[in-house]
Amino acid sequence: MQALARKRYVETRIAVNHRNSNGNRVGRVVNSGRRFKVRRAFDDFALPADRYSQSRYDEHMGSVTKHYDIMKAFLAGARRHLLSEQAKKRGVVSLADVGCGTGELIAFIVKEVYVPFIKAGGKVTVTLIDPAGNMLEIAERKLAGLKMQLPKGLQVKLLQKFIEFVKPGEVIDNAGGSCDIALATYVAPWVENVGTIYENTAKLLGRRGKLISIEENPLVLTPSASLPEDFERVLAECAKAIEPNELVRIIRSAGFRKNRGVGAETPIDDQHTMYLEIYTRK
Ligand SMILES: C[S@@+](CC[C@H](N)C(=O)[O-])C[C@H]1O[C@@H](n2cnc3c(N)ncnc32)[C@H](O)[C@@H]1O
């Protein structure tokens, strides 16, 4: 397994370019408390079994089963975008999962769409991006299970980073070219500057690369007796609701055009829906 940085409780320090009163560039170090909290919250959520029992984790996942069932149904419906006719002809697909979390959805896609393609001789590269190392480990385990069924053809790369700080080369070089598809699901509400997720994602994609976005409207944090109070509090502090039209506007200004007639929206309960949109990089 690729080594992951394990400094979980160290506050993130970010060097930024800053202009002083004379207009000259000077280096400055800023602390992003919110980023730190987001990473800590998700890392805690996925604590290894010896620190936080697997059964509690599974219980929480059980409480969001309906959300994931809907998202999986959306993705199954988006099959032709995940594996286009051109990709089938080329025999190669590369995909980045931005804020992959525990990899529930990417594992689903690989199993449903890409395992048959790989068995028929195709090659798939998946780059998993997430700042929370424990989340990445769970995601990697799920994909390793699928890889065992496939002697070759599936390559998985882990990037323990906030998408804001991913250099396109880190993904593109590994994928053997720009990515065909980026997945960003249930991630927008946690990011400090939402536009930057999509601007950076656009840089990973080749021209006409696709972005698949799934979010909840309005975002609601499912209360769960199985989660530590501290975790719930931190998540609630970090999450922000983004209205769907606002998200479309943000993604468009990041360099995408929305594909008409391919979106989907399904109720989770009588007040909340999940919605999918597919975009093409301009
Ligand atoms: C609610 S989870 C969703 C995970 C996954 N996409 C899914 O649908 O199951 C949100 C994930 O976004 C990650 N995240 C938060 N801020 C991020 C950032 N700036 N860049 C990349 N990932 C981020 C969190 O660590 C967490 O794993």
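I take two strands as paired if DSSP finds at least two bridges between them. Helices (H or I, at least four residues) and strands (E, at least two) are DSSP runs, numbered from the N terminus.

**Entry 1: conventions.** I am working from a predicted model, in which local features need pLDDT of at least 70 and side-chain atom pairs count only at pLDDT 80 or more, while totals for chains, interfaces and linings use all residues. I number residues from 1 along each chain as its sequence is written.

**Entry 2: strands around β10.** I began with the hairpin, in which 5 residues join β9 to β10. Strand β9 (residues 264–267) runs antiparallel to β10, and 4 bridges link the two. I found Pro-267 opposite Thr-273 in β10.

I then looked up strand β7 (residues 205–217), which is antiparallel to strand β10 (residues 273–281) and joined to it by 8 bridges. Asn-217 has Thr-273 of β10 as its bridge partner. Strand β8 (residues 256–258) is also antiparallel to β10, with 3 bridges between them. There I noted Lys-258, whose bridge partner in β10 is Tyr-279.

**Entry 3: backbone particulars.** I checked the peptide bond from Asn-217 to Pro-218 and recorded it as cis, with omega near -20°. Pro-218 is placed in the loop between β7 and α10 (229–238). I also looked up Tyr-186, a residue other than glycine with a positive phi, near 60°. Tyr-186 belongs to the loop between β6 (179–185) and α9.

Entry 4: I count a residue as near a molecule or strand if its C-beta atom, placed from the backbone, lies within 6 Å of it. There are 21 residues around the ligand, and Phe-42, Gly-99, Gly-101, Phe-162 and Thr-185 come nearest. The elements giving two or more residues to this shell are α1 (33–45) and α6 (104–119). For composition, I class Ala, Val, Leu, Ile, Met, Phe, Trp, Tyr, Cys and Pro as nonpolar, Asp, Glu, Lys and Arg as charged, and the others, Gly among them, as polar. On that basis the shell holds 15 nonpolar, 3 polar and 3 charged residues.

**Entry 5: α6 and its helix partners.** Two packed helices are described by the angle between their axes and the distance between the axes. I use axes that are lines fitted to C-alpha atoms, for helices over the stretch in contact, with angles from 0 to 180 degrees between N-to-C directions.

The axes of α6 and helix α7 (residues 133–147) come within 9 Å and cross at roughly 20°. I therefore call α6 roughly parallel to α7; angles under 35 degrees count as roughly parallel, over 145 as roughly antiparallel, 65 to 115 as roughly perpendicular and the rest as oblique. In the contact (C-beta atoms, placed from the backbone, within 7 Å), Ile-106, Ala-107, Val-110, Lys-111 and Val-115 of α6 meet Ala-139, Lys-142, Leu-143 and Leu-146 of α7. I sorted these residues into 7 nonpolar, no polar and 2 charged.

Helix α3 (residues 65–77) packs on α6 at an angle of about 40°, with the axes 10 Å apart. I therefore describe α3 as oblique to α6. The crossing of α3 and α6 is right-handed. From α3, Tyr-68, Met-71, Lys-72, Leu-75 and Ala-76 meet Glu-104, Leu-105, Phe-108, Ile-109 and Glu-112 of α6. This contact divides into 7 nonpolar, no polar and 3 charged residues.

**Entry 6: α9 and α11.** I found that the axes of helix α9 (residues 194–204) and helix α11 (residues 244–253) come within 8 Å, crossing at roughly 40°. I therefore log α9 as oblique to α11. The crossing of α9 and α11 is right-handed. Val-194, Gly-195 and Tyr-198 of α9 make the contact with Ile-250, Ile-251 and Ser-253 of α11. I class the residues of this contact as 4 nonpolar, 2 polar and no charged.

Terms used:
A crossing is left-handed if the near helix is turned anticlockwise from the far one by less than a right angle, and right-handed if clockwise. Two residues are in contact if their C-beta atoms, placed from the backbone, lie within 7 Å.
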